[in-house]
Amino acid sequence: MEFGIGVCLGTVYATIFVYRVEDAHLSPLDLVLLGTVLETAYFILQLPTGVLADAVSRRLSIVIGCAVLGGSFVMEGMLPFFMGIAAAQVVGALGFALVTGAQEAWIADEVGEEGLTRVFLRGSQAGLVGTLLGTVVSAGIATIGHELPLIYAGVALVLIAVLLFLTMPEKPQERRAGSGDGDKAAASSRRLVRDATDSIRAVFALIRSGRGVLIVLVVVMLIGMWHESLDRLWGAHFLESYPFPDFIGLNSVAWFSVMSFGATLLGLGATQVVTKFVGETTESRSTLRMLGFLVVLLMGTTFAFAFAGEFFLALAAYWAATALRPAYAPLLNAWLVERTEARARATMLSAKDLFDSTGQFTGGPAIGYVGSAVSLRAALATAAAVLAPAAALLAYAMSRRAAEPTPVDSAPGDSTVPGPGPAPDDKTASEVEQ
C-alpha cells in the first residue's frame, strides 16, 4: 500500500507546479490559497473521518479514501483553472483524511503493538522508493502533457482502491455486550466521548504545566507558516526567476523531476541522521538545542534560496532546505511523546497537527499576497523571517530549562505533575507530508 501510494504521489507532485503555473496560469497568491483550501478542509474533516473509521471499518475508510484521492487528482488534471483546482483540493482533503489515521490504526490491529515501529519504518521506506519511481515516471509522461501525471496517478489510485477492497484483511472489532443494537451504539458513543474528553484534559494539563510544551507548539505553528509558503512558491520561483540550464537536453519538466528526486534522497539521509540522534539522547535541552539549530539552518537556506543569483545556487539552497525540513519531525515527535502519558499521546500529536494547520492557513495567504504584490523573492524572504521568532522561542525555552525529560502520568482532571520517571521505550512512526 505504501509503495503504490508513494508511486502515485511522486508522479503527481514531481511536476504539478509546471501544470499549475504554465497550464492553469495561477499566481503566487493562487498557489498559496490552494494550500489554504486543502489545509482548512483537512482540518475540518480529520476528526469526523477518524470517528467514522473507528465506528464502522478502518479497512473501508482506507479503500474509499484511496479512491476519493485518486478522483481528486483526475479532477484537477481536467480542470486547469483556479476554482476547479480548489474544488479538487477539497475532495483531496477528504481522501487524505479518510486514509490518515485509519491506516495506522488498521495495521496496529492486524499485527499487534510488538514490532509495530519496525512495520511503520519498513512501510515508510517502501513509500520513499515508490516516490522516487513516481518522480521518474512523471518526468516521462509530463513531456506529452502536463496534466497526464495527475490523470494517470488518479486512475492508478482508484485501481489500488479496488485491489485493496479485494485483498485487504480486517480483524473483526470487539463489541461490548448490550441489550440491543441501540444500547450498544449508545454505549460506544458514550465511551468515545469519555475517552476523548479524558485525553483532551490530559493534554491541557500538560500544556498548563509550564514545561515548555506551549512554546514548542507555537514553534510548530510558525514552522507551518514557513513550509506552507515554501511548498506553494518554490516551483513558481524557479519558473519565473531562473532560466533552466540546457543540461543534457533537460527541459523544465525534467528539471522538476530531478529536483524532487534529489530532495527525496537528501531528506532520507538527513532524517536518518536525526533519528539516530533521537535514539541516543532523551535529554531535553539537547533536543531543544538541536531543534533550534535546525530552525536556524532552515531560515538561512530559505533566505539563500530567495536571493540566489543563478539557477544552481538556488537549487543547492532549495535542496538544503527540503533535506533539513523532514529532519525536525522525529525530534519534535519524540520530545512531545516523552512528556505525554501513553493514553493521551495521539491527542497530543493531533494538537501538534492543529497548531501546524493553523500556521498554514493563517500565514500562507498573507505571504502569498506578498508574492503577488511585491515579488516571489520577497515572499520567500518573509517566510524565512517567520522562523526568527521560532528560533528565539526555542532559545528562551532552553534558557529557562522549561522542560524535563519525564512523562506526565497524572489523572485527567489533576493539574499536579509527578516527579521524574522512566522514559518510554516506544517511539511514534514518522508522518508522510507531505
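User: Where is His25 placed?

Analyst: His25 sits in the loop between H2 and helix H3 (28-55), where helices are DSSP runs of H or I with at least four residues, strands are runs of E with at least two, and both are numbered from the N terminus. This is a predicted model, in which local features need pLDDT of at least 70 and side-chain atom pairs count only at pLDDT 80 or more, while totals for chains, interfaces and linings use all residues. Residues are numbered from 1 along each chain as its sequence is written, and side-chain values use heavy atoms, with hydrogens and water left out.

User: And what is the phi of His25?

Analyst: The phi of His25 is near 55 degrees, which is a positive value in a residue other than glycine. Most residues other than glycine have a negative phi.

User: Why does His25 count as exposed?

Analyst: Because its relative accessibility is 63%, and exposed means over 50% relative accessible area, buried under 20%, and partly exposed in between, with a 1.4 Å probe and protein chains only.

User: How do the axes of H2 and H4 cross?

Analyst: The axes of H2 (residues 16-23) and H4 (residues 58-78) come within 11 Å and cross at roughly 30 degrees; axes are lines fitted to C-alpha atoms, for helices over the stretch in contact, and angles run from 0 to 180 degrees between N-to-C directions.

User: While we're on H4, is Ser72 buried or exposed?

Analyst: Ser72, which lies in helix H4, is buried because its relative accessible area is 3%. Not counting residues up to four places away in sequence, Ser72 touches Ala88, Val91 and Gly92.

User: What is Ala153 in contact with?

Analyst: Leaving aside neighbours within four places in sequence, Ala153 is in contact with Cys8, Thr11 and Val12. Ala153 belongs to helix H8 (residues 148-167) and counts as buried because its relative accessible area is 3%.

User: Now the core: which residues have the most contacts inside the largest one?

Analyst: The largest nonpolar core has 90 residues, and those with the most contacts inside it are Trp234, Phe238, Phe256, Met259, Leu288 and Phe305; such a core is a set of buried Ala, Val, Leu, Ile, Met, Phe, Trp, Tyr and Cys residues joined through side-chain atoms within 4.5 Å. Helix H10 (residues 213-241) gives this core its largest share, 16 residues. A second, separate core of 5 residues includes Leu38, Tyr42, Ala93 and Ala97.

User: And what does Phe256 contact?

Analyst: Leaving aside neighbours within four places in sequence, the contacts of Phe256 include Ala14, Phe17, Val18, Trp234 and Phe238.

User: Last one, how many helices and strands does the whole chain have?

Analyst: The protein chain has 16 helices and 0 strands, and 49% of its 434 residues count as buried.

Notes. Contact means heavy atoms within 4.5 Å.
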